[in-house]
Amino acid sequence: MSHQESHDVIVVGAGASGLAAATTLHAAGRDVVVLEARDRTGGRLLSAPAEHPGRALDLGATWFWDGEERVRALATHNGLATFEQHLAGDTMLQETTGIRRLTGNLIGVPSRRFAAGAQSITAALAAALPTGTLWLDTPVTATQPGGHGGLDVLTPAGRLHADHVILAVPPALALERIDLADTLPADLVRLARSTPVWMGTAVKVVAHYPAAFWRQDGLAGAAFSRTGPLQEIHDMSGPDGDPAALFGFAHARTVRPGFEQAVTAQLARLFGPAASSPVALHVQNWSTEQWTAPSTVQHLTDHALFGHRLYQQPALDGRLHWASTETATDHAGHIEGALAAGERAARAVLAAPADASDTALGTTAPTR
């Protein structure tokens with residue numbers, strides 16, 4: 001990498017928001033690169049391949065809902081097969097006093113999923129970008145004002161320059177992992193450090209089985225528990241029940257030695273002995289992902305900060321833009337919100353004058 005290498009836009013993060021931003025910018029003729037710290041695309045979209053070709057089990061974001069037209073259009077445009085979430089059957093309730101079967105699915109709502117897993121979204125977006133646009137294994141360590149306007153971006157491999165930078169990672173993570181050289185206004189720093197990370201304290205557990213046996217018993221695969229370790233459980237089987245799986249959410253603070261055994265024992269109590277022996281048990285603890293969760297993630301609880309108005313306006317003389325699902329004004333925390341935030345950041349870049357310093361913004365207190 002040359003010290004003088006320069007681009008119109010550098011996008012930090014190759015999740016749904018970053019790749020949506022890059023797609024919009026590329027379509028407008030801008031020279032853009034996407035820097036991703038991980039060795040994969042997707043961010044919080046993570047799908048574990050199943051034995052059936054073209055099928056996967058989601059360890060991160062899973063669903064999309066009616067009215068989320070960006071996701072639906074993206075799937076249609078790229079030929080990504082989707083299917084309805086299985087809902088039919090009864091719900092199991094686990095309390096300290098015992099287990100009860102409740103009529104109907106009391107926690108599931110109509111939604112759709114991706115047959116090849118939600119990570120197929122970012123795979124499709126990345127595949128459509130020109131060769132050389134996406135740089136994996138390239139964490140950003142710092143950004144700072146450039147010598148001739150714009151911003152310099154530092155990575156372990158060297159320094160790049162861009163007219164605009166889009167931070168498509170959770171704001172609190174950006175503040176902790178990227179040295180911004182004390183360039184941001186104090187109110188924006190306070191806001192970013194206080195904004196929760198969607199799924200940042202979640203543990204997603206997926207139990208893969210040879211068959212969806214619970215359906216034969218008239219169960220929806222749905223359960224909720226007041227004793228845990230899984231607090232909420234859903235059917236995660238693929239189209240027509242293949243691959244067969246249940247998944248549940250736990251809080252990161254409950255993960256300790258013996259967690260997996262406690263999970264399978266809970267599933268067996270809820271769904272019968274067959275649930276005690278999954279083919280595979282995937283435990284994805286998002287709080288331990290260094291490129292998702294900052295060290296403060298357990299203490300970030302004010303979800304009212306999602307979509308805050310300060311995230312809607314560029315910082316650093318109009319050159320630094322926010323684009324992660326936490327910054328979306330609608331559907332924050334959803335895939336749809338990530339796509340919307342990426343598109344909004346890209347539009348702000350495209351609308352900026354040639355000299356972005358003419359758009360310097362004032363600051364206000366971080367209130368809605």
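**Entry 1: the pocket lining**

I sorted the residues lining the second largest pocket: seven are nonpolar, four polar and two charged. (Ala, Val, Leu, Ile, Met, Phe, Trp, Tyr, Cys and Pro count as nonpolar, Asp, Glu, Lys and Arg as charged, and the others, Gly among them, as polar.) The model is predicted, so I noted its limits: local features need pLDDT of at least 70, side-chain atom pairs count only at pLDDT 80 or more, and totals for chains, interfaces and linings use all residues. Residues are numbered from 1 along each chain as its sequence is written, and side-chain values use heavy atoms, with hydrogens and water left out.

I then looked up the volume, which is about 250 Å³. (A pocket is an open set of points on a 1 Å grid over the protein atoms alone, where a 1.4 Å probe fits, with protein on both sides within 12 Å along at least five of seven lines; lining residues have an atom within 4 Å of a point. A volume is the space filled by probe spheres set on the points, which are joined across faces, edges and corners.) There are 13 lining residues, and Thr23, Leu74, Asn78, Leu125 and Glu343 are the closest to the centre. Helices H1 (16-27), H2 (69-77), H3 (119-127) and H8 (335-351) each give two or more residues to this lining. H2 gives the most, with four. (Helices, H or I with at least four residues, and strands, E with at least two, are DSSP runs numbered from the N terminus.)

**Entry 2: H1 against H8**

I checked how H1 and H8 pack. Their angle is about 40°, and their axes lie 7 Å apart. (Axes are lines fitted to C-alpha atoms, for helices over the stretch in contact; angles run from 0 to 180 degrees between N-to-C directions.) On the H1 side, the contact includes Ala16, Ala20 and Thr24; on the H8 side, it includes Gly342, Glu343 and Ala346. (Contact means heavy atoms within 4.5 Å.) I found nine nonpolar residues in this contact, three polar and one charged.

**Entry 3: the loops**

Which peptide bonds did I find to be cis? One joins Gly228 and Pro229, with omega about 10°. Pro229 sits in the loop between strands S14 (219-225) and S15 (232-235). Another runs from Asp242 to Pro243, with omega near 0°. Pro243 belongs to the loop between S15 and strand S16 (244-251). Asp240 is in the loop between S15 and S16. Its phi is positive, about 60°, although Asp240 is not a glycine. Most residues other than glycine have a negative phi, and most peptide bonds are trans.

**Entry 4: the chain**

I counted eight helices and 18 strands in the protein chain.
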